[in-house]
Amino acid sequence: MSGRLAVVGLGPGDARWLTPEAEAALAEAETLYGYAGYLERVPPRTGQSRHPSDNREERARAQAALEAAATGAKVALVTAGDPGVFAMAAAVCEAIEHGPAAWRSLDVAMIPGVTAMLAVAARVGAPLGHDFCALSLSDNLKPWETIERRLDAAAGAGFVLALYNPISRARPWQLGKAFELLRRHLPAATPVVFGRAVGRADERVMIATLLEADAVKADMATLIIVGSAATRLIARPDLVPLVYTPRTGELGP
Ligand code: SAH
């Protein structure tokens, strides 16, 4: 019998955001691989083995999961959010491209999940209601100059920005620098959404203006949405404001 590798998106955290397809892939897996923090979110099942790993070992984890599938096992490799968004699906493709020829015949399925920017956007209204783009602020895998160039180009072209991996202990200054750069393109009142651990018990969502946006308020579990010049805020009595980017009217450059 031939093996199978399912690269499964668990969504941002809330169990209600796990798709039925992802749930089925987890139920039929004999072996689970993934970063320990994500594997903890999957309820244990008898007869299922688990191989937790460190978050930085992406390539080794992809290879180990493919090796297990090549022995004929049904393997699930779990990721937070969607596996194709700054996560394991690309690492699996890369391992297949450079790995043994036999891996190209494996049954590999990417199972989509709710990515963090969609969950954060849904909490505040519709900031991604018109054209937007997603960037990772991590300069572990690309030079910081590339990130600056992309921020400049995207903000200059009027896109709303979803910023993944905004800050970490090893990358403390990048987000502050990004806000500084964006202030050159955008009005001071542009809404900025900080969505932290959305869908989990320690969720915290905050809305600031670009002028006030403070990098200290973000951590590794935060996704940031920076509006465009068209993004608006609707104040509501006794309720949190709505942030949205209209699909009509003056849409910027
Ligand atoms: N594959 C994931 C993203 C992995 S990159 C996805 O599709 O969501 C890791 C980054 O995702 C974090 O630094 C943070 O910016 C964001 N993130 C992941 N889960 C989150 C959550 N529950 N709330 C807010 N941001 C989250």
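Author: Let's start with phenylalanine 86, which sits in the loop between S4 and H4. Helices (H or I, at least four residues) and strands (E, at least two) are DSSP runs, numbered from the N terminus. This is a predicted model, where local features need pLDDT of at least 70 and side-chain atom pairs count only at pLDDT 80 or more, while totals for chains, interfaces and linings use all residues. Residues are numbered from 1 along each chain as its sequence is written, and side-chain values use heavy atoms, with hydrogens and water left out.

Reader: OK, what is the phi of phenylalanine 86?

Author: Phenylalanine 86 has a positive phi of about 45°, although it is not a glycine.

Reader: And is phenylalanine 86 buried, partly exposed or exposed?

Author: Phenylalanine 86 is partly exposed, at 43% relative accessibility. Buried means under 20% relative accessible area, exposed means over 50%, and partly exposed is in between (1.4 Å probe, protein chains only).

Reader: Let's move on to H4. Which residues of helix H4 are buried?

Author: Helix H4 covers residues 88–98, and its buried residues are Met88, Ala89, Ala91, Val92, Ala95 and Ile96. They cover an arc of only 160° around the axis, so they lie on the same side of H4. That arc is taken from the directions from the helix axis to the C-beta atoms.

Reader: What covers the buried residues of H4?

Author: The cover includes strand S1 (4–9), helix H3 (58–70), strand S4 (74–79) and strand S5 (107–111). On the face turned away from the buried side, H4 carries the exposed residues Ala90, Glu97 and His98.

Reader: You mentioned S4. What does valine 75 touch?

Author: Valine 75 is in strand S4 and counts as buried, at 2% relative accessibility. Not counting residues up to four places away in sequence, valine 75 touches Arg4, Leu5, Ala6, Ala29, Thr31, Tyr33, Ala65, Ala68 and Ala69. Contact here means heavy atoms within 4.5 Å.

Reader: How far apart are the C-alpha atoms of valine 75 and arginine 50?

Author: They are separated by 9.9 Å, with the two residues 25 apart along the chain.

Reader: What about alanine 25, where is that found?

Author: Alanine 25 is in helix H1 (residues 20–28), and at 6% relative accessibility it is buried. Leaving out residues up to four places away in sequence, alanine 25 touches Ala6, Val8, Ala76 and Ile111. The C-alpha atoms of alanine 25 and valine 8 are 7.4 Å apart, although 17 residues separate them along the chain.

Reader: Switching to the ligand. Which residues come nearest?

Author: Of the 20 residues around the ligand, the nearest are Asp82, Val85, Thr115, Met220 and Thr222. A residue counts as near if one of its heavy atoms lies within 4 Å.

Reader: What backbone atoms lie by an oxygen atom of the ligand?

Author: A backbone N or O atom of methionine 220 is 2.6 Å from a ligand oxygen. For asparagine 165, a backbone N or O atom lies 3.2 Å from an oxygen atom of the ligand. There is also a ligand nitrogen 3.3 Å from a polar backbone atom of alanine 221. The protein covers 93% of the 540 Å² of accessible area that the ligand has on its own, with areas from the Shrake-Rupley method with a 1.4 Å probe, where for residues only the protein chains shown count as cover.

Reader: Where is asparagine 165 found?

Author: Asparagine 165 is in the loop between S8 and H7. Its phi is near 50°, a positive value in a residue other than glycine. At 33% relative accessibility, asparagine 165 is partly exposed.

Reader: Last one: which side chain does serine 53 pair with in a polar contact?

Author: That would be arginine 61, with a polar contact of 2.8 Å between the two side chains. A polar contact is a pair of N or O atoms within 3.5 Å; within protein, one must be able to donate a hydrogen and the other to accept it, and residues adjacent in sequence count only if both atoms are side-chain atoms. Serine 53 is in strand S3 (residues 49–53) and is buried, with a relative accessible area of 14%.
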